[in-house]
Amino acid sequence: MIELFTADTPNGKKISIMLEEIGYEYKVTKVDISKDEQFKPEFIKLSPFSKIPVITDHENNESIFESGAILIYLGEKSGRFYDQQDRLKVNQWLMAQMGTIGPMIGQHHQFHHYNPGKSEFGEERYFKIAKRIYQELDNRLEQSKFLAGKKYTIADIATWPWLARHEWHDIGLKNYKNLSRWYLEISNRDAVIRGYDLYNNGSKIPTL
Ligand SMILES: N[C@@H](CCC(=O)N[C@@H](CS)C(=O)NCC(=O)O)C(=O)O
């Protein structure tokens, strides 16, 4: 059994979606980051930077932090969505999500959604970067069905939850034809629908 320590955020949803996709039995343990539960000493032992998500694999008592590392672990363990022969491509798109897409769109959330009016510089900077990311993803998906190639992989699973916050971005996902096609195709997967609603409170995936 896998225990998933998480909050209902894009980084958290990556892992509930992956666990649903591979059909593993798992239990969600909520970490309320709005109440600083991530700073509890017992959680910092699992996650040195006090961030969700973390998993504990109770089969071998291994705990893993960082969503990219967790996706790789589950991909290798299950033999799904991380094929050996595709790893060079998958790793690049996964690292692009971890290093650019998530952190930059995360800043756009901070300035544009949570704290509008506090910093014109921050709002403009991250709006522009987030728009560029939409365009770059759209360009990639014009040539390729999924991010790493023909197959749906952990790189898509890592990236999709960030686009699922598109209503916060005010960029207009529907204007990006290839990105919209990819977004909708993944949105229709049963495992994604279940993993998106990781707190079982009836959360529905936003449409275009
Ligand atoms: N690079 C990390 C980022 C995780 C992350 O930023 N988690 C946020 C929630 S989405 C968090 O735990 N924030 C609490 C904090 O920083 O205090 C990963 O991908 O796992």
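Helices and strands are DSSP runs numbered from the N terminus, a helix having at least four residues and a strand at least two. In those terms, P53 belongs to the loop that runs between helix 2 (41-44) and strand 3. The model described here is predicted.

**Ligand site**

- The ligand takes up the space of the largest pocket.

- Q38 places a polar side-chain atom 2.8 Å from an oxygen atom of the ligand.
- In S67, an N or O atom of the side chain is 2.6 Å from an oxygen atom of the ligand.
- I52 takes part through its backbone, where an N or O atom lies 2.9 Å from an oxygen atom of the ligand.
- Of the 510 Å² of accessible area that the ligand has on its own, the protein covers 77%.

**Salt bridges**

- The whole structure contains 12 salt bridges.
- One of them joins the side chains of E59 and K77, with an N to O distance of 3.0 Å.
- This pair links distant parts of the chain, 18 residues apart: E59 lies in the loop between strand 3 (54-57) and strand 4 (62-65), while K77 lies in helix 3 (residues 67-78).

**Backbone geometry**

- The peptide bond leading from I52 to P53 is cis, and its omega is near 0 degrees.
- D170 is not a glycine, yet its phi is positive, at about 55 degrees.
- The position of D170 is in the loop between helix 7 (166-169) and helix 8 (177-187).

How values were computed
Residues numbered from 1 in each chain as written. Predicted model: local features only at pLDDT ≥ 70, side-chain atom pairs only at ≥ 80, totals over all residues. Heavy atoms only, no water. Polar contact = N/O pair within 3.5 Å; in protein donor to acceptor, adjacent residues only side chain to side chain. Areas by Shrake-Rupley, 256 points an atom, 1.4 Å probe, with all protein chains shown as cover. 1 Å grid on protein atoms, 1.4 Å probe; cavity = no way out; pocket = protein on both sides within 12 Å on 5 of 7 lines; lining within 4 Å. Sits in = over half its atoms within 2 Å of the grid points. Salt bridge = Lys/Arg side-chain N within 4 Å of Asp/Glu carboxyl O.
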